[in-house]
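Hello,

Here is the structure we talked about. Please open it first, then read my notes below.

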Amino acid sequence: MESNLPNEQQQTETPARLVIITGMSGAGKTIAVQSLEDLGFFCVDNLPPVLIPKFAELIEQSQGRIGKVALVIDLRGREFFTALSESLHYLKEESTVTYEILYLDATDSVLVQRYKESRRRHPLAPAGAPLEGIQHERVLLEEMKGLASTVIDTSNLKPADLKKKIIARYTDADVGAMSLNIVSFGFKYGVPIDADLIFDVRFLPNPHYIETLRPYTGKETEVYDYVMKWNETQTFLSKLLDMLNFLIPQYRKEGKSQVVIGIGCTGGKHRSVAIAEYLSKAFEGTETESVRVHHRDADRDRG
């Protein structure tokens with residue numbers, strides 16, 4: 001599509017990407033929208049189709065600030081389908097925002113089983129058997145399935161497998177890109193509840209017992225060098241890097257978009273901070289999409 005924007009804007013703005021997620025209830029729309037959210041999409045769940053044109057206007061007015069958007073549309077009746085058809089016609093004829101439709105499907109037997117496992121009622125058969133609502137919904141969505149840019153049958157897919165498919169289809173970067181979050185902490189203040197991996201470095205020599213080092217944290221050169229100078233520190237780091245270089249690709253294969261690594265010592269001020277700083281430098285420039293380090297407890301007893 002040819003742009004009417006000035007040349008300067010054409011060079012700085014990329015076309016907005018709008019993905020409309022729809023399909024059979026129970027086929028995996030929640031997993032799909034979570035996957036796109038991890039890829040940096042601005043996501044809106046269960047948006048009434050009649051509001052799509054207004055949302056497209058907001059995207060246009062954002063001047064590139066909102067570049068990737070995913071909208072989940074659940075069709076609960078014929079009026080929803082009519083509104084969606086009219087909104088898609090508006091996007092095609094009146095809007096500069098291009099859209100694509102992701103349609104998620106599954107067999108009747110699989111959808112029935114999923115409803116039984118979740119003990120939820122089908123939205124189109126609140127008082128009846130799930131199969132009745134599934135068959136009704138399939139008729140309503142038949143035309144929409146034909147308009148879809150991508151159709152994914154989730155009948156035999158695990159959630160992680162569906163996530164891989166979504167990432168492979170909609171990522172802008174390498175499929176394997178992921179974020180690494182490194183958190184230093186003190187065990188006496190509790191373990192981070194969101195950590196995927198936790199490593200205890202309380203076995204390392206403690207700068208706390210060196211009076212001149214005690215006031216500082218592992219970010220300061222004196223403390224950092226003290227922690228790093230020991231043979232056990234270097235042996236530990238060698239084994240730790242070897243383990244992480246093995247584990248991170250395995251997490252990536254399972255569809256994880258980020259890994260949180262907790263490094264703990266007694267107070268979270270010296271040893272854990274120094275090790276976390278070392279790891280952040282070690283993984284900078286690798287195939288991880290971004291590396292962030294956070295020292296949760298380093299400044300708790302300062303002042």
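A contact here means heavy atoms within 4.5 Å. Take the contacts in the protein chain between residues at least 6 apart in sequence: 79% of them join residues at least 24 apart. Please keep in mind that this is a predicted model.

The overall picture comes next. The protein chain has 303 residues, and 45% of them count as buried. Its secondary structure comes to 10 helices and nine strands.

Now the charged pairs. The structure holds 11 salt bridges. One of them pairs Asp 105 with Arg 138, with the closest N and O atoms 3.0 Å apart. Asp 105 sits in strand S4 (residues 98-105) and Arg 138 in helix H6 (residues 130-147), so this pair ties together parts that are 33 residues apart in sequence. Asp 105 counts as buried, at 7% relative accessibility. Arg 138 counts as partly exposed, at 26%.

Then look at Asp 297. This residue is buried, at 1% relative accessibility. Asp 297 forms a salt bridge with Arg 296, where the closest N and O atoms are 2.9 Å apart. Asp 297 also pairs with Arg 300, and there the closest N and O atoms are 2.7 Å apart. Both arginines are partly exposed: Arg 296 has a relative accessible area of 29%, and Arg 300 one of 48%.

One more point on salt bridges. Those that share partners join Asp 105, Asp 108, Arg 138 and Lys 145 into one network.

Best wishes

Terms used. Residues are numbered from 1 along each chain as its sequence is written. This is a predicted model: local features need pLDDT of at least 70, side-chain atom pairs count only at pLDDT 80 or more; totals for chains, interfaces and linings use all residues. Side-chain values use heavy atoms; hydrogens and water are left out. Helices (H or I, at least four residues) and strands (E, at least two) are DSSP runs, numbered from the N terminus. Buried means under 20% relative accessible area, exposed over 50%, partly exposed in between (1.4 Å probe, protein chains only). A salt bridge is a side-chain nitrogen of Lys or Arg within 4 Å of a carboxyl oxygen of Asp or Glu.
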